[in-house]
There are 2 protein chains.
Amino acid sequence: MPVNCSDAHAHRHAQAVQQGQSHALDAQTLARLTAFFKVLGDGTRMRILSFLADTELCVCAIAELLGMELSAVSHQLRVLKQADLVRSRREGKTVYYTLADDHVRQIIRMGLAHINEKRGENDA
Amino acid sequence: MPVNCSDAHAHRHAQAVQQGQSHALDAQTLARLTAFFKVLGDGTRMRILSFLADTELCVCAIAELLGMELSAVSHQLRVLKQADLVRSRREGKTVYYTLADDHVRQIIRMGLAHINEKRGENDA
DNA sequence: CTCTCACTTGAATGGTGATTCAAGTGTATT
DNA sequence: AATACACTTGAATCACCATTCAAGTGAGAG
């Protein structure tokens with residue numbers, strides 16, 4: 001699917017294209033990064049992270065907070081865990097989940113900073 | 001869809017649940033935050049951002065770099081623009097895109113830090 | 001004012017992924 | 001060992017969204 005862009009300024013592209021490629025991240029890193037953000041790009045998962053911000057919670061409690069079935073919650077927790085965003089700890093029959101580390105809180109805080117900044121611009 | 005969790009330790013939940021709710025973000029903020037991360041959770045869009053890290057590029061050049069059609073690129077640039085991640089500038093017939101601000105670079109850097117940290121742990 | 005170029009927009013399509021239902025683990029309790 | 005509980009896992013369904021194709025702007029050139 002080549003671009004049907006005339007050669008008129010093809011050389012200008014060539015230059016820019018080189019620039020664009022030069023510092024671009026390698027494919028694998030980019031894929032990992034994308035996958036990471038994709039995990040954060042889901043309402044249910046973000047709500048779970050938000051709940052876990054202060055406290056550790058068992059799956060049961062999370063499901064109650066979300067008003068969703070245990071199964072659905074478990075599936076999402078699996079995704080969060082694979083992305084190293086949460087950790088789990090077993091105590092008897094119950095499994096407790098926590099945020100993996102402060103890194104997660106930082107990233108969420110940065111996201112918040114971004115959207116708040118933009119909201120401010122729109123108001124101005 | 002209530003949780004079929006016995007009342008055995010319902011009171012323990014109640015406590016945890018309150019904790020979980022107390023500092024949780026309000027629904028609208030959470031929705032905006034989720035939407036923001038969702039935009040970053042796409043391979044094509046991340047590649048575009050990666051290309052724009054150093055240089056401004058016209059749609060045509062981006063399409064060439066991606067090996068995709070102009071139309072597809074334009075659609076994605078629209079999404080990125082609505083999320084305030086990129087800005088556009090018209091010069092004659094050509095439209096040039098740039099990263100909106102350094103904020104974007106910071107967020108991507110934080111994402112990279114996270115996945116690199118985790119990669120390190122797995123190696124150890 | 002017509003034509004081409006660079007891009008945008010709208011409608012249709014196809015693939016991905018979140019949720020559900022049903023069945024399976026693991027851990028205590030009796 | 002049998003039952004109950006807290007959770008996990010797999011298969012199926014359904015909605016959403018990225019891409020494509022086709023048509024529509026806007027700006028300069030002839």
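In the predicted model, chain B contains an open sheet of three strands in the order β1-β3-β2, with antiparallel pairing. The edge strands of this sheet are β1 and β2 of chain B, each of which pairs on one side only. In general, the strands of a sheet pair through backbone hydrogen bonds, in either the parallel or the antiparallel sense.

The two pairings in the sheet of chain B can be described in turn. Strand β1(B), residues 57–58, and strand β3(B), residues 94–99, are joined in the antiparallel sense over two bridges. Within this pairing, L57(B) stands opposite Y97(B) of β3(B). Strand β2(B), which covers residues 86–91, is antiparallel to β3(B), and six bridges connect the two. In this second pairing, E91(B) has T94(B) of β3(B) as its bridge partner. The strands β2(B) and β3(B) form a hairpin with two residues between the strands, where G92(B) adopts a positive phi near 70 degrees.

In chain A, strand β2(A), residues 86–91, and strand β3(A), residues 94–99, pair in the antiparallel sense over six bridges. R89(A) has Y96(A) in β3(A) as its bridge partner. The hairpin of β2(A) and β3(A) has two residues between the strands, and G92(A) in this hairpin takes a positive phi near 65 degrees.

Positive phi values also occur in residues other than glycine. D84(A) has a phi near 60 degrees, a positive value in a residue other than glycine. This residue, D84(A), is located in the loop between α5 (70–82) and β2 of chain A. In chain B, the phi of D84(B) is likewise positive, near 60 degrees, and D84(B) is not a glycine. The loop that holds D84(B) runs between α5 (70–82) and β2 of chain B.

Helices of chain A also pack against helices of chain B. Two packed helices are described by the angle between their axes and the distance between the axes. Helix α2(A), residues 27–40, packs on helix α3(B), residues 43–51, at an angle of about 120 degrees, and the axes are 9 Å apart. Angles of 65 to 115 degrees count as roughly perpendicular and those over 145 as roughly antiparallel, and α2(A) and α3(B) are therefore oblique to each other. The crossing of α2(A) past α3(B) is right-handed. On the side of α2(A), the contact is made by L30(A), L33(A), T34(A) and F37(A), and on the side of α3(B) by G43(B), M46(B), R47(B) and S50(B). Classified by residue type, the contact of α2(A) with α3(B) comprises four nonpolar, three polar and one charged residues.

A further packing involves helix α3(A), residues 43–51, and helix α2(B), residues 27–40, with an angle of about 120 degrees and axes 9 Å apart. With this angle, α3(A) and α2(B) are therefore oblique to each other. Helices α3(A) and α2(B) cross in a right-handed manner. In the contact, α3(A) supplies G43(A), M46(A), R47(A) and S50(A), which meet L30(B), L33(B), T34(B) and F37(B) of α2(B). The contact of α3(A) with α2(B) consists of four nonpolar, three polar and one charged residues.

Definitions and conventions: Residues are numbered from 1 along each chain as its sequence is written. Chains are lettered from A and ligands numbered from 1 in the order in which they are written. This is a predicted model: local features need pLDDT of at least 70, side-chain atom pairs count only at pLDDT 80 or more; totals for chains, interfaces and linings use all residues. Side-chain values use heavy atoms; hydrogens and water are left out. Two strands pair if DSSP finds at least two bridges between them. Helices (H or I, at least four residues) and strands (E, at least two) are DSSP runs, numbered from the N terminus. Axes are lines fitted to C-alpha atoms, for helices over the stretch in contact, and angles run from 0 to 180 degrees between N-to-C directions. Angles under 35 degrees count as roughly parallel, over 145 as roughly antiparallel, 65 to 115 as roughly perpendicular and the rest as oblique. A crossing is left-handed if the near helix is turned anticlockwise from the far one by less than a right angle, and right-handed if clockwise. Contact means heavy atoms within 4.5 Å. Ala, Val, Leu, Ile, Met, Phe, Trp, Tyr, Cys and Pro count as nonpolar, Asp, Glu, Lys and Arg as charged, and the others, Gly among them, as polar.
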